[in-house]
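I would ask you to keep the sequence and the structure in view while I talk.

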Amino acid sequence: MSLPIHVLPSAELPIYRQIVGQVLDAVACGRLRPGHRLPSHRELAEELVVSPHTVEKAYDELKRQGLVRARPGNGTYVEDGAALEPAAQHERLYAPARSLAAEAHVVGAPLGRVRKLLSEVDAELRSERHRRKGGRS
């Protein structure tokens with residue numbers, strides 16, 4: 001089973017973080033849906049030509065974030081993030097929001113520009129998700 005993931009070993013971002021980011025993006029865009037079974041650590045490691053421990057570390061982080069759940073003896077599956085309670089959503093979004101706000105302060109971008117950028121990215125994600133839904137009809 002193939003995941004739409006490509007890693008760059010020479011990138012500054014660690015490989016496990018590249019995997020986490022791409023799985024998150026695939027879920028957000030609808031390429032991966034709740035209930036989708038992810039490949040085993042070994043399968044994905046072979047496909048990406050990385051250590052199974054690297055994939056395991058990525059899956060552990062995805063589990064910690066509540067994006068996937070392991071079903072012992074049955075695999076790892078994408079969870080339905082929309083089912084998160086508001087407090088859990090806040091907890092999950094706080095760190096990346098703070099990081100984005102810090103970046104904005106460092107580069108001198110006003111809050112209005114950051115809001116506009118978030119709206120643009122949200123529209124891109126919604127558009128891709130809509131195209132995927134329409135393509136399966």
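I shall go through the overall layout, then the helices, the core, the pocket and a few single residues.

A word on the source comes first. This is a predicted model, in which local features need pLDDT of at least 70 and side-chain atom pairs count only at pLDDT 80 or more, while totals for chains, interfaces and linings use all residues. Residues are numbered from 1 along each chain as its sequence is written, and side-chain values use heavy atoms, with hydrogens and water left out.

Let us begin with the layout. The protein contains five helices and three strands. Here helices (H or I, at least four residues) and strands (E, at least two) are DSSP runs, numbered from the N terminus. Along the sequence, the pattern reads α-β-α-α-β-β-α-α. Taken along the principal axes, the C-alpha atoms of the protein fill a box of roughly 50 × 40 × 30 Å. Of the 137 residues of the protein, 24% count as buried.

Now to helix α1. How does the span of α1 agree with what its 15 residues should give? The end C-alpha atoms of α1 are 21 Å apart, in agreement with the 21 Å that 15 residues should span at 1.5 Å a residue. The expected span of a helix is 1.5 Å times one less than its number of residues. Several residues in α1 are buried, including Y16, I19, V23 and C29. R17 also belongs to helix α1, but R17 is partly exposed because its relative accessible area is 33%. Just after α1, G30 has a positive phi of about 90°.

Helix α4 has 22 residues, and from its first C-alpha to its last it reaches 30 Å, close to the 32 Å expected at 1.5 Å a residue. Where in α4 does a kink lie? A kink of about 40° is found at Y94, shortly before the proline P96. The bend at a residue is the angle between axes fitted to the seven residues ending there and the seven starting there. A97 is in helix α4 as well, and A97 counts as partly exposed because its relative accessibility is 45%. After α4 comes G108, with a positive phi near 80°.

I turn to the core. In soluble globular proteins, nonpolar side chains tend to be buried together. A nonpolar core is a set of buried Ala, Val, Leu, Ile, Met, Phe, Trp, Tyr and Cys residues joined through side-chain atoms within 4.5 Å. The largest such core has 22 residues, and those with the most contacts inside it are L3, I5, I19, V23, L32 and L44. Helices α1, α2 (41-48) and α3 each supply at least two residues of this core, and α1 gives the most, with six residues.

Next, the largest pocket. On a 1 Å grid over the protein atoms alone, a pocket is an open set of points where a 1.4 Å probe fits, with protein on both sides within 12 Å along at least five of seven lines; lining residues have an atom within 4 Å of a point. Grid points are joined across faces, edges and corners, and a volume is the space filled by probe spheres set on the points. The largest pocket holds about 1,600 Å³ of space. It is lined by 38 residues, of which L24, A28, R92, L93 and P96 are the closest to its centre. Which helix gives the most to this lining? The answer is α4, with 12 residues.

Finally, some single residues. V49 lies in the loop between α2 and α3, and V49 counts as exposed because its relative accessibility is 71%. Most residues other than glycine have a negative phi. The phi of V49, however, is positive, near 60°. H130 lies in helix α5 and is exposed, with a relative accessible area of 60%. Although H130 and C29 are 101 residues apart along the chain, their C-alpha atoms are separated by 8.7 Å. In the loop between α3 and β2 (68-71) lies G66, whose C-alpha atom is separated by 7.1 Å from that of E79, 13 residues apart along the chain.

Technical notes
Buried means under 20% relative accessible area, exposed over 50%, partly exposed in between (1.4 Å probe, protein chains only).
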